[in-house]
Amino acid sequence: MVSIALTGTIIWSACSPILEIAFVLGIHTAIFQGFLSKQIVTAVGIYLSRSKTVSTTDSKLLSTLIINIMYPCLLFTNVITGVSTANVASFGIMTIASIVITLIGFAFGFIVMGLTRPPSDFRYGTVMATAMGNYGDMVLAITLAVGNFAPFNAGDASKGVAYVAGFMCFATIFAFTVGYKLIGEDFKHMPKSVLAVNTTPISEADDLAIVITDESLDTKNVDTSSLKYWLKTCFNPNTVATLLGLLITLIPVLRNLFYTESTATETATSQPLAFIFKALQLVGNAGVPIGLLNVGSALGRLEFKKFAPIRVITGIALCRLIVMPILGVVLVQVLVSHGIIDGNDKMMQFVMMMEASIPTASTTVYLTQFWHPRGEADAMASVVVVQYAVAFVTMTLSLAIILSLLA
């Protein structure tokens, strides 16, 4: 029988990583980005927005660079470093878990949209804010913080990183196909009076390109039912980078051309393409701080009157921070009891349950800035900022319960 015992040790173990994230908004940046605090970077973005140094046009340009260049490089290199033939079986299990958790959030998103009746320019934004969680940075931060301590074994943190990478592959493809498409739908029928002025002529091919202008929002020039349109949507740079990274990393001969875990064996002849991998890492790593600057700029422009309706924010928060964590814990316990998940692999159980307990991804802000004709993301930013404030309470409780179940 499953029992929950919230001892003082377990509660403090749960509080510590959450407090650490609250202090620097994520250990991931502290470890991998030269001890640069996400909180500081986001604050700088707010300052740049408030001081009018960064405009909404600048935010739109930055979001385009992030989505088209930096994120593809980041995803490609992270897949190669996090997934290998040694953990391919676990990768498959985590992919299935990712599909289930993501689709549950997607279904809840339509329920929230139907019940809360969001504004016309935030209908599918509501769906995706419910479906897309911060499956990468936040879970990785917590995993690294607790993964080498009881109830886990020494070295389990590195295993957890691989599990997060496995979970992220489907979540990423979903975000940059379904999420990318649906968030854009909210702005395709905006009145011309609110569209940014743009007199630059564009071709039919530009209508389908990932970089859009106000003219490309006119659906009269785009056949959304055509195969060409859907191929363009599905095989965007982020999806291609993820799939290409998977192909390379699961073929050892190809993977060794770019990357190996042992730097001692790295030579010009054994890894002739290592310089390409490192160059892509350099570009990809810029996506995290620049993305945070962009989120900060959106928050800096945020006014209470521009918040999404309270009923919408509440509905999304209830699903993401209350209902989904409960379902995640129950689902994992059922799978363990039926022997589908190894009961001794506590790190796999931990990552699955934590992935169901996190708030909306900041990627939703980038995608909204990217699609909005003026680069605005007020409604989405309000959802994210409220959730992250509430999440430090709900995630601490979720983490305490999860650690208790695994103890």
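In this predicted model, lysine 188 forms a salt bridge with glutamate 185, and the closest N and O atoms of the two are 3.5 Å apart. Side chains of opposite charge can pair in this way when their charged atoms come close. Lysine 188 counts as buried because its relative accessibility is 9%, under the 20% cut-off. Glutamate 185 also meets lysine 181 in a salt bridge, with an N to O distance of 2.6 Å. Both glutamate 185 and lysine 181 belong to helix 8, which covers residues 156-185. They sit four residues apart, about one turn of the helix, and both are buried.

How many salt bridges does a search of the whole structure find? The search returns three. Besides the two that involve glutamate 185, there is a salt bridge between the side chains of glutamate 376 and arginine 374, at 3.0 Å from N to O. Arginine 374 has a relative accessible area of 31%, so this residue is partly exposed, a class that lies between the cut-offs of 20% and 50%. Salt bridges with shared partners join Lys181, Glu185 and Lys188 into one network.

Phenylalanine 187 is found in the loop between helix 8 and helix 9, the latter covering 204-208. Is phenylalanine 187 buried or exposed? Its relative accessibility is 4%, so phenylalanine 187 counts as buried.

A disulfide is a covalent bond between the sulfur atoms of two cysteines. The structure holds zero disulfides. Two of the cysteines can still be placed by their accessibility. Cysteine 169 is buried, because its relative accessible area of 4% is under 20%. Cysteine 319, with a relative accessible area of 11%, is buried as well.

The next topic is the set of annotated spans. In the unreviewed UniProt entry, the annotation "transmembrane region" covers residues 61-83, 89-115, 127-149, 161-183, 235-254, 274-296, 317-341 and 379-406. How do two of these spans look in the model? Residues 61-83 are 96% helix and 0% strand, and the C-alpha atoms at the ends of this span lie 32 Å apart. For residues 89-115, the figures are 100% helix and 0% strand, with the end C-alpha atoms 40 Å apart.

Leucine 75 lies in helix 4, which runs over residues 56-82. With a relative accessible area of 14%, leucine 75 is buried, since the value is under 20%. Leucine 280 is 205 residues from leucine 75 in sequence, but the two C-alpha atoms are 9.7 Å apart in space.

Helix packing gives another view of the fold. The axes of helix 5 (residues 88-116) and helix 15 (residues 310-337) come within 10 Å of each other and cross at roughly 150°. An angle over 145 degrees counts as roughly antiparallel, so helix 5 is roughly antiparallel to helix 15. The crossing of helix 5 and helix 15 is right-handed.

The loop between helix 5 and helix 6 (123-131) holds arginine 117. This arginine has a positive phi of about 50°, although it is not a glycine. Arginine 117 is exposed, because its relative accessible area of 57% is over the 50% cut-off. Proline 118 lies in that loop between helix 5 and helix 6, but proline 118 counts as buried, at 11% relative accessibility. Proline 118 and arginine 311 are 193 residues apart along the chain, and their C-alpha atoms are separated by 8.4 Å.

Finally, how is helix 16 placed in the structure? This helix spans residues 346-355, and nine of its ten residues are buried, so helix 16 is largely enclosed by the rest of the structure. The buried residues of helix 16 are Met347, Met348, Gln349, Phe350, Val351, Met352, Met353, Met354 and Glu355.

Methods:
Residues numbered from 1 in each chain as written. Predicted model: local features only at pLDDT ≥ 70, side-chain atom pairs only at ≥ 80, totals over all residues. Heavy atoms only, no water. Salt bridge = Lys/Arg side-chain N within 4 Å of Asp/Glu carboxyl O. Helix = DSSP H or I, 4+ residues; strand = E, 2+ residues; numbered from the N terminus. Buried < 20%, exposed > 50% of the residue type's maximum accessible area, 1.4 Å probe, protein only. Disulfide = S-S within 2.5 Å. UniProt positions renumbered as here; feature names shortened; annotations may be inferred. Axes fitted to C-alpha atoms, helices over the stretch in contact; angles between N-to-C directions. Parallel < 35°, antiparallel > 145°, perpendicular 65-115°, else oblique. Left-handed = near helix turned anticlockwise from the far one by under 90°.
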